[in-house]
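This report describes parts of one protein structure for a reader who has not seen it before. Please look over the sequence and the model before reading on.

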Amino acid sequence: MEHTEWTHTPVLLDEVLEALQAQGSRGTFVDATFGRGGHSRAVLAQLAPEGRLIAFDKDPEAVAQAQRIDDARFSIRHESFAHIGDLPSASASGVLMDLGVSSAQIDNPARGFSFRFDGPLDMRMDPARGLSVAQWLAQASVRQMAEVIRDYGEERFAFQIAKAIDARRQVRGPISTTAELAQLVAGAVKTREPGKDPATRTFQALRIFINAELEDLQQALAASLRVLRSGGRLAVISFHSLEDRIVKQFIARHSRETVDRRAPFAPPKPMALCALGRVRPSAAEVAANPRARSAILRVAQRTSHLLEGAPA
Ligand SMILES: C[S@@+](CC[C@H](N)C(=O)[O-])C[C@H]1O[C@@H](n2cnc3c(N)ncnc32)[C@H](O)[C@@H]1O
């Protein structure tokens, strides 16, 4: 099927615009996760003629959609947002990260993200790079599989699932489809969580791992400190506790003065961020778009670079 059939409803759109707009409409904004451009288009609609919007996405289908935007203020980069640090220092008035997968990715069986639809077991955001989940599961040790499923899926039955995958590949060869994996996991998970498919945690874990999602997030957050100008806003939407914990701890760590333990008499490093709060979607938004239900938006403001002696 043509990729144009797959759509995505932007989450917490008004709240994101409010967070970024506080910086006016003339600056340079970064949409680190273009997806289907719901947030980008809304930012562009309010951007001044001299403003700029630089978007990133790993996914070639998202990039192809972005390339249709005919607007001199807009540009798209086909790379991980871990590279936002390549932008000039203190150049951005706002950085948005809307983490995870888009509906366009998850609803397309050919991308292999969902246990609900049968398709090739892939899950790469950029299918041209790295290993697919099927390739990785064909070669990983039981211990590696169990660690990934436990650490990134917070799955109690991680070891049993890894053993089941190993047993199956020894007898019938590697798993190649989402339906095969979902069925195998359902057999290995001995208790049921209400309203949750038994494969949910395993699919989440494998997706996070194969796309290095948490590593990219850590890098992009660190880089955003350099890229945001003084007063610039960081807005991050996360969809599960592993991501949100990283964002929350990052903002908390940079929202206080820090003392270098190796140089206890040096003046403390001033705070780099000021936390502006946490926003959840309204009941009305969740009713209209159930995929918004687990979203958490955290917003922080960059404090002065001059205070830190960093390049402005
Ligand atoms: C939740 S969607 C964004 C939806 C978008 N805000 C919209 O309104 O259409 C997340 C997007 O981020 C992309 N993505 C995830 N991790 C990425 C990374 N490390 N670097 C670049 N893009 C990434 C995915 O390919 C996906 O298209």
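## Helix H9 and its surroundings

The buried residues of helix H9 pack against helix H5 (133–139), H6, H7, helix H8 (178–188), H10 and helix H11 (241–254). Contact here means heavy atoms within 4.5 Å. Helices (H or I, at least four residues) and strands (E, at least two) are DSSP runs, numbered from the N terminus. H9 covers residues 200–210, and its buried residues are Thr202, Phe203, Ala205, Leu206, Arg207, Ile208 and Ile210. A residue is called buried under 20% relative accessible area, exposed over 50%, and partly exposed in between (1.4 Å probe, protein chains only). After H9 comes Ala212, with a positive phi near 50 degrees.

## Basis of the model

This is a predicted model, in which local features need pLDDT of at least 70 and side-chain atom pairs count only at pLDDT 80 or more, while totals for chains, interfaces and linings use all residues. Residues are numbered from 1 along each chain as its sequence is written, and side-chain values use heavy atoms, with hydrogens and water left out.

## Helix H10

The buried residues of H10 are Glu213, Leu214, Asp216, Leu217, Ala220, Leu221, Ala223, Ser224, Leu225 and Val227. An α-helix has 3.6 residues a turn, so residues three or four places apart point the same way.

## H10 against H11

Two packed helices are described by the angle between their axes and the distance between the axes. For H10 and H11, the axes come within 11 Å and cross at roughly 25 degrees. Axes are lines fitted to C-alpha atoms, for helices over the stretch in contact, and angles run from 0 to 180 degrees between N-to-C directions. H10 and H11 are therefore roughly parallel to each other. Angles under 35 degrees count as roughly parallel, over 145 as roughly antiparallel, 65 to 115 as roughly perpendicular and the rest as oblique.

H10 passes H11 in a right-handed crossing. From H10, the contact is made by Glu213, Leu214, Leu217, Gln218, Leu221, Ala222 and Leu225; from H11, by Leu242, Glu243, Ile246, Val247, Phe250 and His254. These residues divide into nine nonpolar, two polar and two charged. Ala, Val, Leu, Ile, Met, Phe, Trp, Tyr, Cys and Pro count as nonpolar, Asp, Glu, Lys and Arg as charged, and the others, Gly among them, as polar. A crossing is right-handed if the near helix is turned clockwise from the far one by less than a right angle, and left-handed if anticlockwise.

## H6 against H7

How do the axes of helix H6 (residues 142–153) and helix H7 (residues 158–172) cross? They come within 8 Å and cross at roughly 140 degrees. H6 and H7 are therefore oblique to each other, and H6 passes H7 in a right-handed crossing.

On the H6 side, Val142, Met145, Ala146, Ile149 and Arg150 meet Ala158, Phe159, Ile161, Ala162, Lys163, Ile165, Asp166 and Arg169 in H7. The residues of this contact are nine nonpolar, no polar and four charged.

## Positive phi in two loops

Ala90 lies in the loop between strand S3 (74–77) and strand S4 (92–98). Its phi is near 50 degrees, a positive value in a residue other than glycine. Ala90 is buried, with a relative accessible area of 18%.

Met123 is found in the loop between helix H4 (103–106) and H5. Although Met123 is not a glycine, it has a positive phi of about 70 degrees. Is Met123 buried or exposed? Met123 is buried, at a relative accessible area of 0%.

## Two prolines

Pro109 also lies in the loop between H4 and H5. At 27% relative accessibility, Pro109 counts as partly exposed. Not counting residues up to four places away in sequence, Pro109 touches Trp6, Phe117, Asp118, Gly119 and Pro120.

Pro60 is placed in helix H3 (residues 60–66) and counts as partly exposed at 34% relative accessibility. Pro60 and Met125 are 65 residues apart in sequence and 8.2 Å apart in space, C-alpha to C-alpha. With residues up to four places away in sequence left out, Pro60 touches His78, Met125, Asp126 and Pro127.
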